[in-house]
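Here's a friendly walk through the charged side chains, surface patches and aromatic rings of a protein model. Have a look at it first, then read on.

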Amino acid sequence: MKTFHRIWRGIEEISAGTFFFGGITLIFYGVIMRYGFNSPKAWVEEVVRYVIIWGVFLGFSIALRHNQHIQVDLLYDKLPTKIQKVVDIFATSVSIFFCLAYTYYGYVLVESRFHSGMVSLDVGIPMWIIYLILPISGLLFTLRFIERLVHQIRGKDVKYDNPLT
């Protein structure tokens with residue numbers, strides 16, 4: 001099981017990192033072409049937008065794994081430990097249902113764009129490919145919340161590593 005988690009973690013980090021690195025590289029290319037060679041490329045901005053969005057959406061589950069999402073815990077910290085556990089399980093369960101809806105409606109959007117034949121303006125990328133990140137990220141996010149719920153129900157105290165320190 002540890003091997004599976006290591007592979008899953010690696011796929012998340014490599015895919016999100018690849019999209020971010022690709023976006024930054026394309027931004028650099030666009031700046032060089034515009035100001036260095038006075039030959040701006042119109043497609044760069046559009047592709048960068050999509051690539052960075054894919055990186056952000058793939059990074060959602062990484063942020064959840066590190067417990068780095070925004071939390072308001074002013075009242076939560078004052079609750080007794082047993083009530084905190086109930087609140088955690090409730091919040092995680094609601095999050096799973098939200099992610100399932102997000103994934104489903106993301107799939108519906110992808111399917112509608114696939115059948116419409118809609119393409120992006122400058123590059124002509126089929127829009128269903130661009131929107132495909134919605135069900136993919138929703139599925140990854142759902143799996144992370146399910147993993148969190150299992151840990152909470154088992155009473156396993158998870159130490160979240162902070163990638164920033």
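## Glu13 and its salt bridge

Glu13 is partly exposed, at 39% relative accessibility. That label sits between the other two: buried is under 20% relative accessible area and exposed is over 50%, using a 1.4 Å probe and protein chains only. Glu13 also makes a salt bridge with Arg65, and their closest N and O atoms are 2.3 Å apart. Since Glu13 is in helix 1 and Arg65 in helix 2, the pair ties together parts that are 52 residues apart in sequence. For the term itself: a salt bridge here has a side-chain nitrogen of Lys or Arg within 4 Å of a carboxyl oxygen of Asp or Glu. Helices are DSSP runs of H or I with at least four residues, numbered from the N terminus.

A quick word on ground rules: this is a predicted model, where local features need pLDDT of at least 70 and side-chain atom pairs count only at pLDDT 80 or more, while totals for chains, interfaces and linings use all residues. Residues are numbered from 1 along each chain as its sequence is written, and side-chain values use heavy atoms, with hydrogens and water left out.

How many salt bridges does the structure hold? There are five. In one of them, Glu12 pairs with Arg65, with 2.8 Å between the closest N and O atoms. Glu12 belongs to helix 1 (residues 2–36) and Arg65 to helix 2 (residues 42–65), so this pair ties together parts that are 53 residues apart in sequence. Glu12 counts as buried at 2% relative accessibility, and Arg65 counts as buried at 11%.

Arg49 is partly exposed at 40% relative accessibility, while Glu45 is exposed at 58%.

## Patches on the surface

Which residues form the positive surface patch? They are Lys2, Arg6, Arg9, Arg154 and Lys156. Lys and Arg count as positive and Asp and Glu as negative, with His and the chain ends not counted; each charge is placed at NZ of Lys, CZ of Arg, CG of Asp or CD of Glu. Helix 1 gives the most to this patch, with three residues. Arg6 lies in helix 1 and counts as exposed at 53% relative accessibility.

There's a nonpolar patch as well, about 450 Å², made by Tyr104, Tyr105, Tyr107 and Val108. Patch residues have over 30% relative accessible area and no salt bridge; like charges are joined within 9 Å, and nonpolar side chains (Val, Leu, Ile, Met, Phe, Trp, Tyr) within 5 Å. The accessible areas come from the Shrake-Rupley method with a 1.4 Å probe, and for residues only the protein chains shown count as cover.

## Rings that pair up

The structure holds nine aromatic pairs. In one, the rings of Tyr104 and Tyr105 have centres 4.9 Å apart and planes at 75 degrees, so the pair is edge-to-face. Rings of Phe, Tyr and Trp (its six-membered ring) pair if their centres lie within 6.5 Å; planes under 30 degrees apart count as stacked, over 60 as edge-to-face and the rest as tilted. Tyr104 lies in helix 3 (residues 81–116). Elsewhere, ring pairs link Phe57, Phe60, Phe141 and Phe145 into a cluster.

Key: Helices (H or I, at least four residues) and strands (E, at least two) are DSSP runs, numbered from the N terminus.
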